Amino acid sequence: MPEPRNTSPRSVPLPRPGRGQTRARLAEILRVDHAGEYGAVKIYQAQAAVFRNAPGKGAVTADMEAMQAGEAVHKARFDALLTEHRVAPTALLPLWSLAATGLGTVTALMGEKAAHACTEAVESVIEQHYADQIAELAEREPELAAELTQFREEELDHHDHAIEHGSREAPAYRLLSAVIKAGCKVAIKVSERV
């Protein structure tokens, strides 16, 4: 059974001092969110490619393709926001592409449950990340906060779907989940800055 969705209030970071810091923070948010959605598309592309070539995997292939399509919508919105706000994407997109493709391929080769464990781990980090941003942006960027709220709900749907499809029965679930979550957190911190 899926865990209840966390709706507890988050602490809102204090604004940084100095001229231009609000714009700089918005640039960090857009850059990291774009990188995350880009990575999610790559993970699901790789998983779908593995399952597409395996007999009897039509249902999980369709799942991965549907989730990839949802992430592609999010990525396209961040593409537009980067352009609108004149923010460059992270310089590390080629590295994230390789890492996400590798993660998607390896977890799919481990089996359906491992692929779903990957989804659960990634989405648990992303939903918390979005929740923190929503709290931070609610007053100064309400339209963006509303979009992030919708995206967070869609990420939570992926998270819950993964649990319903056996993510926690994956081989070495705890280790796999911990490694993926740690990697996501590192990618978030790095992508904000670079």
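Is the crossing of α1 and α3 left-handed or right-handed?

Author: This is a predicted model, and the description below should be read as such. The crossing of α1 and α3 is right-handed. Their axes cross at roughly 35° and come within 7 Å. On the α1 side, the contact is made by His34, Ala35, Tyr38, Gly39, Lys42, Ile43, Ala46, Gln47, Val50 and Phe51. On the α3 side, the residues include Leu93, Trp96, Ser97, Ala100, Thr101, Leu103 and Gly104, together with Thr105, Thr107, Ala108 and Leu109. Sorted by class, this contact of α1 with α3 has 12 nonpolar, 8 polar and 1 charged residues.

Helix α1 also packs against α4, at an angle of about 165° and with the two axes 12 Å apart. Angles over 145 degrees count as roughly antiparallel, and α1 and α4 are therefore roughly antiparallel to each other. Here α1 passes α4 in a left-handed crossing. From α1, the residues that meet α4 are Arg25, Ile29, Val32, Asp33, Glu37, Ile43, Tyr44, Gln47 and Phe51. Among their partners in α4 are Glu112, Ala115, Cys118, Thr119, Val122 and Glu123, as well as His129, Tyr130 and Gln133. The residues of the contact of α1 with α4 divide into 10 nonpolar, 4 polar and 6 charged. Ile43, Gln47 and Phe51 of α1 take part in the contact with α3 and in the contact with α4.

Helix α4 has a further contact, with α2, which covers residues 58-84. The axes of α2 and α4 come within 12 Å and cross at roughly 25°; the two helices are therefore roughly parallel to each other. Their crossing is left-handed. Val60, Asp63, Met64, Met67, Glu71 and Phe78 in α2 meet Glu112, Ala115, His116, Thr119, Glu123 and Tyr130 in α4. By class, the contact of α2 with α4 has 6 nonpolar, 2 polar and 4 charged residues.

The elements that give two or more residues to the lining are α1 (21-52), α3 (93-110), α4 (112-137) and α6 (173-193). Helix α1 gives the most, with 8 residues. The lining as a whole has 16 nonpolar, 5 polar and 2 charged residues.

Terms used: Residues are numbered from 1 along each chain as its sequence is written. This is a predicted model: local features need pLDDT of at least 70, side-chain atom pairs count only at pLDDT 80 or more; totals for chains, interfaces and linings use all residues. Side-chain values use heavy atoms; hydrogens and water are left out. Helices (H or I, at least four residues) and strands (E, at least two) are DSSP runs, numbered from the N terminus. Ala, Val, Leu, Ile, Met, Phe, Trp, Tyr, Cys and Pro count as nonpolar, Asp, Glu, Lys and Arg as charged, and the others, Gly among them, as polar. Axes are lines fitted to C-alpha atoms, for helices over the stretch in contact, and angles run from 0 to 180 degrees between N-to-C directions. Angles under 35 degrees count as roughly parallel, over 145 as roughly antiparallel, 65 to 115 as roughly perpendicular and the rest as oblique. A crossing is left-handed if the near helix is turned anticlockwise from the far one by less than a right angle, and right-handed if clockwise. Contact means heavy atoms within 4.5 Å.
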